[in-house]
Amino acid sequence: MIVTVPEKWDLEYDVVVVGWGAAGTAAAVTAHDQGAKVVILEKMPDGGGNTRICGGNIIIPKGKEFIEYLDTLSFKTTEREIIETFVEYALKNGDWIREMGADVQVFRPLEVAYPTMIAGAGFPHVRGAETAVKYNIKGTPEEGKPSQRLWKFLSGLVTKRGIQVLTRTPARELIPNAQGEVIGVTAEKEGKAISIKARQAVILTCGGYENDPRMKWDYMPVKPLLFLGTPGNTGDGIRMAQKVGGDLWHMTRLSCLIGFKSPEFEAAFWVSFLSEGFIFADKYGQRFVNEAGIEIHEYYQELSHFDTEKMEFPRVPLWAIFDEQTRRRGALSRGTAGYNRDLYSWSLDNSAEITKGWILQGKTIAELASRISVEPKALEETISRYNRNCRAGRDEDFGRAKEDLRPLEPPLYAIQLWPALINTQGGPRRDKESRVLDPEGKPIPRLYAAGELGSIWGYLYQGACNIGEGLVFGRIAGKNAAAESPWS
Amino acid sequence: MKSSPIGTVLAEKNFIVDAPPERVWRLIGKVIFSSLPGLENMEILDENTFRALLRAPILGFHVTLKLKGEMVDMEPPNSFSVKLFLEGLGGLFKANQKVTFIMTLMEKGKTSVSCKATVENLAFLPRLFLLGQARRFARSTFGAIEKRLKELA
């Protein structure tokens with residue numbers, strides 16, 4: 001490793017936080033409240049990252065049995081002591097929020113959409129699942145969606161304390177000294193490189209790599225994979241940590257929904273259905289899954305099937321085929337979450353998207369099939385068989401529950417959908433103290449990470465745990481960073 | 001115009017479903033919405049609040065009503081209410097409704113479901129012309145919910 005310590009620093013702080021979302025806020029506020037002089041570097045024009053555009057829920061478990069639940073979900077990819085630390089702090093997430101001046105309310109969703117936004121555990125059959133409870137920042141719809149209320153609260157904590165935030169200032173490199181301690185950051189401000197001294201520590205909280213095509217192609221289990229979240233997450237923190245010797249973990253893990261992509265928009269639109277009149281078909285017009293039974297964050301599990309004969313992912317993209325009642329029931333992209341939420345208002349009856357050609361229609365199955373380049377006979381057989389299953393009240397092929405079955409009658413509609421990330425989970429490996437580790441498991445001095453950058457979610461993901469984790473390990477990183485002795 | 005007394009009962013229905021309350025709770029949201037085929041342009045504003053259009057038969061015509069609903073008093077899996085505000089006919093028709101569902105565990109894992117719809121502060125003319133329609137609509141919706149829940153249990 002070549003070490004180049006600047007002779008003169010452009011800016012000096014005690015703690016430098018890279019990235020301004022939930023984890024960055026928790027880290028910066030905690031370090032500040034312990035007396036550290038803190039700066040936040042944010043590459044985008046505004047803070048918030050995925051925090052501002054996610055579902056906005058925060059996990060606050062109601063018992064230590066949540067450890068068993070998360071331990072099972074982790075599939076031994078995360079050390080138990082890290083999960084124990086997470087749960088210990090997550091139990092206090094509500095107290096922390098109240099101490100910081102807001103309050104929380106239990107998330108009790110209208111369970112009417114497909115996929116269903118579940119109030120509690122995504123995997124209710126797993127031991128300890130009953131302790132999973134999601135909350136959001138207390139407020140009304142008029143005060144914004146849960147993630148908007150969350151970000152208003154979090155960003156307010158930073159503003160209120162006068163913590164300096166440098167927006168449009170991407171961090172480029174960590175600066176180590178000859179002893180391997182991270183003592184600063186090189187960032188870019190208005191096209192010029194600036195060096196920022198971190199007297200105590202640097203905390204990386206700059207998200208994952210959902211908008212880095214090469215990393216996604218290397219690591220993700222299904223390809224291609226679109227993104228629903230912030231375009232700002234391009235794996236910067238991963239590269240920076242690697243360059244100072246950081247190990248990586250959980251790089252193949254993700255929170256994956258389904259989305260529609262229009263070339264006019266940088267990110268994809270998250271798509272869900274407000275009525276049971278829909279199926280998914282692969283490129284060949286075949287159903288392949290219980291469409292109503294997929295855990296909302298785990299679509300990739302179903303879409304990553306690779307056909308070694310055809311040398312392709314036959315379910316990528318997939319076609320969602322839906323009926324008139326579903327078309328009229330409500331917008332396919334409802335603005336619950338995603339980067340496009342504030343950029344486009346999807347029509348409530350989907351008519352504008354039909355006009356745009358985003359949704360295709362057919363008066364008959366054959367006409368729809370020809371419009372989506374699927375063999376008409378194959379699609380007719382698929383729908384005919386599905387309708388027979390619906391009328392029998394039993395999906396013999398994929399076990400879709402009878403309450404989720406309704407025959408599809410023309411006119412029918414189709415929309416092309418892709419696996420689409422809200423966020424990746426991988427990044428620098430860390431310990432329960434939020435310290436970034438090298439490949440031998442030794443902490444890299446004065447370097448911490450929190451949030452979705454190297455999150456602790458190593459296999460299955462429980463909803464609301466990314467924000468919960470950002471708040472927990474952000475607080476831990478902030479506390480430990482502020483406790484470091486200054487290096488000079 | 002004089003208003004009707006607060007809490008005029010539109011319809012009540014009690015029936016038994018051959019499933020425990022937890023199963024009924026999981027089904028009932030989707031069943032309510034699928035039992036209202038004229039429910040369109042639905043917007044979920046927050047986890048418990050929605051807005052939609054409802055095409056309902058009134059005086060022999062299909063009229064589009066604006067609907068805002070809020071789930072309140074949720075006590076899973078035992079009870080919840082939906083507060084509904086309906087508006088239509090160019091503002092001539094406005095009504096606040098409350099629909100309450102109570103699920104009670106019976107013997108052998110069955111559930112007694114009790115549904116009750118009330119309307120509040122309905123003005124005189126709408127009450128005169130539309131109360132009967134609203135009662136029929138509430139009764140037929142409860143009937144559809146009962147039929148669907150029994151099918152699915």
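Predicted model: local features only at pLDDT ≥ 70, side-chain atom pairs only at ≥ 80, totals over all residues.
Student: What makes A:Trp96 and A:Phe153 an aromatic pair, and why is the pair called edge-to-face?

Tutor: A search of the whole structure finds 29 aromatic pairs over all chains. In this one, the ring centres of A:Trp96 and A:Phe153 are 6.4 Å apart and the planes are at 75°.

Student: Which parts of chain A does the pair link?

Tutor: A:Trp96 is in helix α4 (residues 93-99) of chain A and A:Phe153 in helix α5 (residues 146-161) of chain A. The two are 57 residues apart. Both A:Trp96 and A:Phe153 are buried.

Student: How do you know that B:Trp25 and B:Phe80 are edge-to-face?

Tutor: The planes of B:Trp25 and B:Phe80 make 85°, and the centres are 5.4 Å apart. The angle is over 60 degrees and the centres are within 6.5 Å, so the label holds.

Student: Why does the pair tie together parts that are apart in sequence?

Tutor: B:Trp25 lies in helix α1 (residues 21-34) of chain B, while B:Phe80 lies in strand β5 (residues 79-88) of chain B, so the pair joins parts 55 residues apart in sequence. Both residues are buried.

Student: What puts a charge over A:Phe278?

Tutor: The charged end of A:Arg400 sits over that ring, 4.8 Å from its centre. The distance limit is 6 Å, so 4.8 Å passes. A:Phe278 also belongs to an aromatic cluster with A:Tyr114, A:Phe273, A:Phe280, A:Phe322 and A:Tyr413.

Student: Which residue lies over the face of A:Trp487?

Tutor: A:Lys197 does, at 4.8 Å from the ring centre.

Student: Why is B:Arg23 with A:Glu403 called a salt bridge?

Tutor: The closest N and O atoms are 3.1 Å apart. The cut-off is 4 Å, so the pair qualifies. The count between chain B and chain A is four salt bridges.

Student: What else describes the interface between chain B and chain A?

Tutor: The two chains bury about 2500 Å² between them, 51% of it on carbon and sulfur atoms. On the chain B side, B:Lys30, B:Ile44 and B:Glu47 lose the most area, together 29% of what that side buries. In contact are 28 residues of chain B and 32 residues of chain A.

Student: What confidence does the predictor give?

Tutor: The complex has an ipTM of 0.85 and a pTM of 0.92. Chain B has a mean pLDDT of 86, with 92% of its residues at 70 or more. Over residues 1-5 of chain B the pLDDT is below 50.

Conventions. Residues numbered from 1 in each chain as written. Chains lettered and ligands numbered in written order. Heavy atoms only, no water. Phe/Tyr/Trp six-rings, centres within 6.5 Å; stacked < 30°, edge-to-face > 60°. Helix = DSSP H or I, 4+ residues; strand = E, 2+ residues; numbered from the N terminus. Buried < 20%, exposed > 50% of the residue type's maximum accessible area, 1.4 Å probe, protein only. Lys NZ or Arg CZ within 6 Å of the ring centre and 35° of its normal. pLDDT = per-residue confidence, 0-100. Contact = heavy atoms within 4.5 Å. Buried area = accessible area lost by both parts, 1.4 Å probe. Salt bridge = Lys/Arg side-chain N within 4 Å of Asp/Glu carboxyl O.
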